[in-house]
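Visitor: Could you take me through one spot in this model up close, and then follow the chain outwards from there? I'd like the cut-offs spelled out as you go.

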Amino acid sequence: MNEKLYQRHFRIINEHVDQALVDMQEGGEKISCGPGCSYCCHLLVEISEDEADALADWFFCQAAKTQQLVWQRLISKSGVLREFFSSRRATQKFITPYPAHIDIPQGVFTRYFSEVAAPCPFLEDGRCVAYEHRPGACRLHMVSSAPELCAPCCDDDSLYHLPPRVEQLRREVLEALPDPEVTVLFGELSILVRAAIEKRLAETHFG
Ligand code: SF4
């Protein structure tokens, strides 16, 4: 069976993450992220279409009850995001998928986390239910500071510590991954995954 694009990307990311974890362990740097801590799952998460495809694959493998639950959360969260992005003219373009050369500015991430911080639709009891299919942004988010410093109430970003090896890891991954095709679109996780699921449902219906 051919490896899907997201499977190839996740394999490359995982290899780099594993090496970075070994390096940090050898250097005495301890990552404090772990099961049950989910502050970063309340951030805006920017993903590509193929990462949305990964989460849509996960979705369609679930039992009807889980699908219903996650679908309701996707509808609700994409509604929250629509309201958030449409509240300012400069962010209205993020309501719909956008090309690779456009990025959500850091200030928008910060404002969302301090004003909204709605949970990711895949978060359940503090854990990611789609962990094996989670996007690259989730795989590359690691801190070595105390978990509570990542809470939305700590609006001082300088309090939490991103180890230099994690910064290096992100650069390595960017270099290792193939450049996104001009045709690949990006978007906030909930908006893009909802669109991916709706597209597949429409194809099944009318295909
Ligand atoms: S996909 Fe999983 S790891 Fe990523 S933000 Fe959502 S719940 Fe968290």
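Guide: Glutamate 124 is partly exposed, since 16 other C-beta atoms lie within 10 Å; on this scale 20 or more other C-beta atoms within 10 Å of a residue's own make it buried, 12 or fewer make it exposed, anything in between is partly exposed, and C-beta atoms are placed from the backbone. This is a predicted model, in which local features need pLDDT of at least 70 and side-chain atom pairs count only at pLDDT 80 or more, while totals for chains, interfaces and linings use all residues. Residues are numbered from 1 along each chain as its sequence is written.

Glutamate 124 sits in strand E3, residues 123-124 (strands, E, are DSSP runs of at least two residues and helices, H or I, of at least four, both numbered from the N terminus). Glycine 36 is 88 residues away from glutamate 124 in sequence, yet their C-alpha atoms are 9.8 Å apart in space.

Step on to aspartate 125 and you're in the loop between E3 and strand E4 (127-128). Aspartate 125 counts as exposed, with 7 C-beta neighbours inside 10 Å. Its backbone is worth a look too: aspartate 125 has a positive phi of about 50 degrees although it is not a glycine. Most residues other than glycine have a negative phi.

Now for the ligand. Around it you'll find Cys41, Val45, Cys120, Phe122, Leu123, Cys128, Ala130, Arg134 and Cys138, where a residue is near a molecule if its C-beta atom, placed from the backbone, lies within 6 Å of it. That shell comprises 8 nonpolar, no polar and 1 charged residues; Ala, Val, Leu, Ile, Met, Phe, Trp, Tyr, Cys and Pro count as nonpolar, Asp, Glu, Lys and Arg as charged, and the others, Gly among them, as polar.

Further back, lysine 93 is in the loop between H3 and strand E2 (98-99). With 12 C-beta neighbours inside 10 Å, lysine 93 counts as exposed. Its C-alpha atom is separated by 9.9 Å from that of glycine 187, 94 residues apart along the chain. As for H3, its buried residues are Val70, Leu74, Lys77, Ser78, Leu81, Phe84 and Phe85.
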